[in-house]
Structure formats: C-alpha cells, structure tokens
Amino acid sequence: MLRPKIPAMPTPTGITAPPAVVEPTAVTPSVAPAPATPTPSRPTLQLTPGAALALVGGGTAVVLVVGAVLVSMLLAVAITGVSLAVVAIVLRLLVNDMRKGR
C-alpha cells in the first residue's frame with residue numbers, strides 16, 4: 001500500500017577528471033615571533049567597598065524576594081490540593097448517602 005520511492009542514483013554525464021595527485025612537502029621549522037600582549041578594549045572595573053556592599057545587599061534582596069515568591073506559590077498549590085481533597089471526600093459522602101436513601 002505505502003511503498004517508499006527510492007530515488008535512483010544518477011550516472012555522471014560528461015568528462016570526469018582523474019583524482020588530483022598530492023605531492024608530499026618537507027616541513028621546515030621556523031621561529032615563531034613573540035606574542036604581543038593584547039591591549040584591553042575597555043577599562044577594568046574596580047569596585048569600591050561601598051559598591052561591593054551595595055552589590056551584596058542587592059543580591060541578597062533578590063534572593064529573598066524570589067524565595068518568598070516561590071514559597072508562596074508552593075503554599076498556594078498545597079492549600080488548593082488540600083481543599084480539593086476535602087471537596088472530594090464530602091462529595092463521596094453525599095453520593096453514598098443518596099444511594100442509601102437517607
């Protein structure tokens with residue numbers, strides 16, 4: 001029913017060139033020039049103690065905020081799961097009571 005069509009390899013047309021012959025060459029060692037020291041394209045950043053303290057304080061604040069957000073999301077998921085479990089139990093009890101005719 002479904003048969004793949006395999007393309008046929010076309011045969012080369014025209015004149016084909018023979019493979020090129022590679023001649024081995026002798027390697028002569030040369031003295032490499034001393035590498036030049038690269039000049040920096042931008043100046044280096046030097047932090048003062050106040051700037052370092054500000055960076056540490058900012059990083060700490062970011063970590064605390066992200067942690068608080070993640071913990072609150074986890075708490076919201078946990079509360080939702082518990083409330084759904086309670087609703088399922090109440091519904092099951094109601095259905096069982098309806099079957100018994102109470």
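Leu70 counts as exposed, because its relative accessibility is 52% and the cut-off for that class is over 50%. In this predicted model, Leu70 is found in helix 1, which covers residues 49–100. Leu70 also takes part in a nonpolar surface patch of about 550 Å², which it makes together with Val62, Val65, Val66, Val69 and Met73.

Leu64 has its place in helix 1, and with a relative accessibility of 59% Leu64 counts as exposed. Between the C-alpha atoms of Leu64 and Ala36 there are 47 Å in space, while the two residues are 28 positions apart in sequence.

The C-alpha atom of Val87 is separated by 81 Å from that of Pro19, a residue 68 positions away along the chain.

After helix 1 comes Gly101, which has a positive phi, near 80 degrees.

From Thr48 to Val62, a separation of 14 residues in sequence, the distance from C-alpha to C-alpha is 21 Å; Val62 is one of the residues that make the nonpolar patch.

These local views can now be set against the chain as a whole. The chain has one helix and zero strands. Its radius of gyration is 38 Å, well over the 13 Å that the globule rule gives for 102 residues, so the chain is more spread out than a compact globule. Along its principal axes, the C-alpha trace spans about 100 × 75 × 20 Å.

What share of the residues in the chain is buried? Buried residues make up 0% of the 102 residues, where buried means under 20% relative accessible area. The chain exposes about 10500 Å², and carbon and sulfur atoms supply 73% of that area.

Terms used: Residues numbered from 1 in each chain as written. Predicted model: local features only at pLDDT ≥ 70, side-chain atom pairs only at ≥ 80, totals over all residues. Heavy atoms only, no water. Patch = residues over 30% accessible without salt bridge, like charges linked within 9 Å, V, L, I, M, F, W, Y side chains within 5 Å. Areas by Shrake-Rupley, 256 points an atom, 1.4 Å probe, with all protein chains shown as cover. Salt bridge = Lys/Arg side-chain N within 4 Å of Asp/Glu carboxyl O. Helix = DSSP H or I, 4+ residues; strand = E, 2+ residues; numbered from the N terminus. Buried < 20%, exposed > 50% of the residue type's maximum accessible area, 1.4 Å probe, protein only. Rg over C-alpha atoms; globule rule 2.2 N^0.38 Å.
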